[in-house]
Structures are given as C-alpha cells and as structure tokens.
Amino acid sequence: SLSMPVWLGRVLTFFFVVICWVLFRAETLAQVKGIYKGMFCPASWELPPLPPFNYCLFAAGFIIILFLPTVSTLEKRFKPTWINAVTAIALLVTCMFLFVKYSPFIYFNF
C-alpha cells in the first residue's frame with residue numbers, strides 16, 4: 001500500500017478544502033473562475049497590504065495545522081470527566097453569546 005508523511009497529508013487536505021470552499025461561497029461561475037485564476041495564475045500572486053499581525057496569524061495557523069495532533073489522535077486520549085463537560089458547556093455558551101452575528105446557511109444558494 002502507498003503511504004505519505006502525515007504533514008504532507010495535512011497540507012494537501014488543507015489546500016483541497018480551501019479550493020472546494022470557493023464553489024460553496026462564490027455566487028456565480030464567473031466569480032469562481034476569477035477566484036481560481038487568482039489562486040493558480042502566478043502573474044496574480046501578490047500579498048495584499050495587510051497589517052503584520054494578520055501575517056503572524058496566518059503563520060501561526062499554518063504551524064498549528066502542521067504540528068498539532070489530529071482529531072482522531074486526541075479522541076483516543078480523551079477521557080470524559082466533569083471538568084471536560086463544564087469546559088465544553090462554558091465554551092458553547094460563550095460562543096453563542098459572543099458570535100451572534102447572522103451568517104447565512106452555507107448551502108443557501110443550492
């Protein structure tokens with residue numbers, strides 16, 4: 001059987017998901033074409049003028065993707081305890097109250 005390094009699998013999965021998100025978030029096929037052209041044509045590759053903090057966030061996210069354990073690994077080590085339950089409920093309630101901005105359902109246009 002064929003195998004690949006874990007880090008390469010994570011990077012390929014990340015890029016595949018990013019490429020597929022375009023299809024769900026674009027409103028027209030012309031917009032999809034423009035986004036894909038921007039992603040894959042080297043002539044259009046330039047970083048937008050963003051604050052340095054945003055570049056730091058991108059780098060931190062990429063490092064997290066590469067080096068943190070996978071969800072299946074974490075699931076095997078997970079032990080249900082009262083502390084975990086209270087923490088999960090507190091995080092859920094926090095998210096419900098802090099992130100109440102309306103966001104349309106991702107499959108709305110289908």
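**A walk through the helices**

Let's start at threonine 73, which has its place in helix H4, the run of residues 71-77. This is a predicted model, so read every value here as computed from predicted coordinates.

Now for the helix packing. Two packed helices are described by the angle between their axes and the distance between the axes, so those are the numbers to look for. Take helix H1 (residues 6-25) and helix H2 (residues 29-40): their axes come within 9 Å and cross at roughly 160°. Angles over 145 degrees count as roughly antiparallel, and H1 and H2 are therefore roughly antiparallel to each other. The crossing of H1 past H2 is right-handed. On the H1 side, the contact is made by Val18, Ile19, Val22 and Leu23, while H2 brings Val32, Ile35, Tyr36, Met39 and Phe40. Sort those residues by class and you get nine nonpolar, no polar and no charged.

H1 also packs against helix H3, and here the axes come within 8 Å and cross at roughly 130°. Why is this pair called oblique? An angle over 145 degrees would be roughly antiparallel and 65 to 115 roughly perpendicular, with the rest left as oblique, so H1 and H3 are oblique to each other. In this contact Trp7, Arg10, Val11 and Phe14 of H1 meet Phe62, Ile65, Leu66 and Phe67 of H3. By class, that makes seven nonpolar residues, no polar ones and one charged.

Phe62 leads us on to the aromatic rings. The model has three aromatic pairs. In one of them, phenylalanine 58 and phenylalanine 62 have ring centres 6.3 Å apart and planes at 20°, so the pair is stacked; the cut-off for stacking is planes under 30 degrees apart. Both residues sit in helix H3 (residues 52-67), and because they are four residues apart there, about one helical turn separates them. As for accessibility, phenylalanine 58 counts as exposed at 56%, whereas phenylalanine 62, with a relative accessible area of 27%, is partly exposed.

One last stop is glycine 38, back in helix H2. Glycine 38 has a relative accessible area of 32%, so it is partly exposed. Which residues does glycine 38 contact, leaving aside its neighbours within four places in sequence? Those are Ser44 and Trp45.

Conventions. Residues are numbered from 1 along each chain as its sequence is written. This is a predicted model: local features need pLDDT of at least 70, side-chain atom pairs count only at pLDDT 80 or more; totals for chains, interfaces and linings use all residues. Side-chain values use heavy atoms; hydrogens and water are left out. Axes are lines fitted to C-alpha atoms, for helices over the stretch in contact, and angles run from 0 to 180 degrees between N-to-C directions. Helices (H or I, at least four residues) and strands (E, at least two) are DSSP runs, numbered from the N terminus. Angles under 35 degrees count as roughly parallel, over 145 as roughly antiparallel, 65 to 115 as roughly perpendicular and the rest as oblique. A crossing is left-handed if the near helix is turned anticlockwise from the far one by less than a right angle, and right-handed if clockwise. Contact means heavy atoms within 4.5 Å. Ala, Val, Leu, Ile, Met, Phe, Trp, Tyr, Cys and Pro count as nonpolar, Asp, Glu, Lys and Arg as charged, and the others, Gly among them, as polar. Rings of Phe, Tyr and Trp (its six-membered ring) pair if their centres lie within 6.5 Å; planes under 30 degrees apart count as stacked, over 60 as edge-to-face and the rest as tilted. Buried means under 20% relative accessible area, exposed over 50%, partly exposed in between (1.4 Å probe, protein chains only).
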